There are 2 protein chains.
Amino acid sequence: MLKGHLDAVLLATIGDDALHGYAIIEAIRARSGGHFDLPEGTIYPALHRLELAGLLASRWVQPNGGRKRRVYALTDSGRQSLVERRAGWQSFASGIDRVLGARA
Amino acid sequence: MLKGHLDAVLLATIGDDALHGYAIIEAIRARSGGHFDLPEGTIYPALHRLELAGLLASRWVQPNGGRKRRVYALTDSGRQSLVERRAGWQSFASGIDRVLGARA
DNA sequence: ATTAAAGCCTAGTGTTGCTAGGTATAACTT
DNA sequence: AAGTTATACCTAGCAACACTAGGCTTTAAT
């Protein structure tokens, strides 16, 4: 459903915070105005992929009175990648806009 | 490279004209300001797919002093699909914009 | 005690668009 | 005349992506 822009969405959603997967799903739903409601089967493998790529780092956290969570934060190259992907999105979107004759 | 929006791009590029594959590639390149330069291996299978789906109709044309071309035009449901996909793109793009905090 | 919610995970699959080829004709160069 | 470039069409195979559809555990609510 996110058509190749999932990584940018994940990086932007985490931003300067440290969020766990479930919270990321809710944050994306909230920030997109309910537009994107991503299944767990989309999120978790993507987080693993981004960590493997060195854009995210995770650690397990035990909140008092809750079960263990795996929280993710951007690495330096994750922050850099976010900047690039944001620019990439804008360039991409303006290209599509031109061709579709929409929002021109 | 078009991340799931290829069909919309093709339908919009053809529009009210009747274009052949090669001309579609050039039109996309021109209309996108050089941003999208799609290989033939992307275009031709996609045109076939859209024709199979009933969104495009093709016919062979022999221009005087040129080789045969297969020209594509939108069907009625192709026109309808284009309207839907344009709206879909705008909705999608504004969702991504919100999440990325870009072009807000 | 049961159910629901929070939280993590994976295997498998369909769609998509790419690479990397192949073929044929027309136009332009040398 | 020969060779190259541009035009024009095509396909097989592949890799990435994100989805479906499950499974597992712990805490909160009923």
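**Contacts with the DNA and a buried serine**

Mentor: In this predicted model, a polar backbone atom of A:Y22 is 2.8 Å from a phosphate oxygen of DNA strand C.

Trainee: What makes the approach of A:Y22 to a phosphate oxygen of DNA strand C a polar contact?

Mentor: A polar contact requires N or O atoms within 3.5 Å, and the distance here is 2.8 Å, so the pair qualifies.

Trainee: Which residue has a side-chain N or O atom 2.8 Å from a base nitrogen of DNA strand C?

Mentor: That residue is A:R67.

Trainee: Which element gives the most to the surface near DNA strand C?

Mentor: α3(A) does, with five residues. By class, this surface has eight nonpolar, ten polar and seven charged residues.

Trainee: Why is A:S32 called buried?

Mentor: Buried means under 20% relative accessible area, protein chains only; A:S32 has 0%, and therefore counts as buried. A:S32 lies in the loop between α2 (21-31) and α3 (40-52) of chain A, and touches B:G95, B:R98 and B:V99.

Trainee: Which backbone nitrogens does the side chain of A:S32 approach?

Mentor: The side chain of A:S32 reaches that of A:H35 at 3.2 Å, and one of its polar atoms lies 2.9 Å from that of A:F36.

Notes:
Residues numbered from 1 in each chain as written. Chains lettered and ligands numbered in written order. Predicted model: local features only at pLDDT ≥ 70, side-chain atom pairs only at ≥ 80, totals over all residues. Heavy atoms only, no water. Helix = DSSP H or I, 4+ residues; strand = E, 2+ residues; numbered from the N terminus. Buried < 20%, exposed > 50% of the residue type's maximum accessible area, 1.4 Å probe, protein only. Contact = heavy atoms within 4.5 Å. Polar contact = N/O pair within 3.5 Å; in protein donor to acceptor, adjacent residues only side chain to side chain. Nonpolar A, V, L, I, M, F, W, Y, C, P; charged D, E, K, R; others polar. Lists of a residue's contacts leave out its neighbours within four places in sequence.
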